[in-house]
Amino acid sequence: MKKRAFKVQTISVYISTTLVLLLLGIMGIMYTGARSLSKGMQQNIVMSVVIGGNTPEADILKLKKEIDSDSRVLKSVYISKEQALAEESIALQADPVEILGYNPYEASVEITLKHEFSTSEQLAELSAGLAKKKGVKEVLYQKELIDTINSNINRAGVAMMALFVMLTLISWSLIGNLVRLSIYSKRFILHTMKLVGATWGFIRRPFIIKNMWIGLISGIIANMLLAAGIYLLGEKEPAILALLPLKELIFTGVAVILFGVIICTLCAFLSVNSFLRMRRNDLYFI
């Protein structure tokens with residue numbers, strides 16, 4: 001009967017730990033997806049460098065080369081006056097030249113910055129520098145939209161981080177209680193071993209090793225469930241997979257396993273120590 005109860009208790013520890021780690025893994029994947037989405041939004045911010053009408057194309061290409069050499073720039077695209085006219089004619093479904101008698105559009109270089117530089121300060125600094133370049137008529141970008149996007153991203157990031165910290169603390173508490181309960185039934189054995197001269201390290205070792213395995217196996221099972229969930233989600237919504245880079249998913253999986261091993265090991269260490277510090281009479285009243 002005791003052996004059966006011990007097996008049920010061990011299985012419940014595995015299941016509970018796996019569920020807690022699964023929840024943490026889901027949170028990690030959500031955070032990864034949110035980061036990828038925010039990067040995509042920031043990298044869709046475009047700065048338009050409008051070129052004066054009399055600027056030779058050779059000078060424009062030279063300017064584009066200078067822009068591409070800037071470490072903040074992800075890419076740039078040169079749009080000639082003719083290309084701009086063709087694009088607008090398609091959009092308006094009319095030819096502006098036939099109406100106005102001339103091409104009203106200017107050549108431009110469309111700049112996309114790396115996501116980490118898509119801030120109002122970086123854009124203002126780059127804009128001021130480009131405005132001084134030869135042949136540049138004006139530099140255009142949507143400052144209010146960029147401020148709104150960055151503000152929303154920062155707020156979402158703070159909220160996600162706060163939720164992650166809270167979930168981590170709750171996970172610590174739950175796993176700690178599970179590990180403590182699994183050791184609780186052996187508290188008198190611990191005390192007896194201490195009385196016959198066994199060192200604390202010797203007494204702790206089997207509990208630490210057992211709980212390391214619990215954390216490792218629970219982490220692996222949690223990762224398998226996460227992988228199955230991502231696969232099924234990707235089958236229904238393939239676009240979601242684009243927000244979950246493989247490198248980030250591997251990092252999340254490794255973090256889940258490490259968290260499970262570390263927290264189970266540390267909780268076992270602290271729990272065994274707490275029982276070893278107690279006097280025998282105190283063991284009856286906990």
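Trainee: Which residues of the largest nonpolar core touch the most other members?

Mentor: Of its 19 residues, Met-47, Val-49, Ile-67, Val-109, Ile-111 and Leu-130 touch the most other members. A nonpolar core here is a set of buried Ala, Val, Leu, Ile, Met, Phe, Trp, Tyr and Cys residues joined through side-chain atoms within 4.5 Å. Buried means under 20% relative accessible area, exposed means over 50%, and partly exposed is in between, with a 1.4 Å probe and protein chains only.

Trainee: And which helices and strands each supply at least two residues of this core?

Mentor: Those are β1 (46-51), α2 (57-68), β2 (73-79), β3 (108-113), α5 (120-131) and β4 (136-140). The elements are DSSP runs numbered from the N terminus: helices are H or I with at least four residues, strands are E with at least two.

Trainee: Before I go on, what kind of model is it?

Mentor: It's a predicted model, where local features need pLDDT of at least 70, side-chain atom pairs count only at pLDDT 80 or more, and totals for chains, interfaces and linings use all residues. Residues are numbered from 1 along each chain as its sequence is written, and side-chain values use heavy atoms, with hydrogens and water left out.

Trainee: Back to the core, then. What is Val-49 in contact with, leaving aside neighbours within four places in sequence?

Mentor: Val-49 is in contact with Leu-63, Ala-107, Ser-108, Val-109, Ile-111, Leu-130, Val-136 and Glu-138. Contact means heavy atoms within 4.5 Å.

Trainee: Which residues does the second, separate core include?

Mentor: That core has 18 residues, including Ile-203, Phe-207, Phe-275 and Leu-276.

Trainee: New topic: Glu-110. Where does Glu-110 lie, and what polar contacts do the side chains make?

Mentor: Glu-110 lies in strand β3. The Glu-110 side chain has a polar contact of 3.0 Å with that of Ser-48, and another of 3.1 Å with the side chain of Ser-108. A polar contact is a pair of N or O atoms within 3.5 Å; within protein, one must be able to donate a hydrogen and the other to accept it, and residues adjacent in sequence count only if both atoms are side-chain atoms.

Trainee: Why does Glu-110 count as partly exposed?

Mentor: Because its relative accessible area is 21%. Not counting residues up to four places away in sequence, Glu-110 touches Val-46, Met-47, Ser-48, Lys-75, Ser-76, Val-77 and Ile-79.

Trainee: What about Ser-127, buried or exposed?

Mentor: Ser-127 is buried, at 12% relative accessible area. It sits in helix α5 and touches Met-47, Val-139 and Tyr-141, again not counting residues up to four places away in sequence.

Trainee: And Ser-36?

Mentor: Ser-36 is in helix α1 (residues 2-42) and is buried too, with a relative accessible area of 18%. Beyond residues up to four places away in sequence, Ser-36 touches Leu-243 and Pro-245.

Trainee: Let's switch to helix packing. At what angle do α6 and α10 pack?

Mentor: Helix α6 (residues 143-184) and helix α10 (residues 246-277) pack at about 50°, with their axes 9 Å apart. Axes are lines fitted to C-alpha atoms, for helices over the stretch in contact, and angles run from 0 to 180 degrees between N-to-C directions.

Trainee: Why are they oblique to each other, then?

Mentor: Because angles under 35 degrees count as roughly parallel, over 145 as roughly antiparallel, 65 to 115 as roughly perpendicular and the rest as oblique, so α6 and α10 are oblique. Among the residues that meet are Trp-172 and Ile-175 in α6, with Phe-259 and Ile-263 among those in α10.

Trainee: How do α8 and α10 cross?

Mentor: The axes of helix α8 (residues 200-236) and α10 come within 8 Å and cross at roughly 150°, so α8 is roughly antiparallel to α10.

Trainee: Last pair: which residues of α7 meet α8?

Mentor: Leu-190, Met-193 and Lys-194 in α7 meet Trp-200, Phe-202, Ile-203 and Phe-207 in α8.
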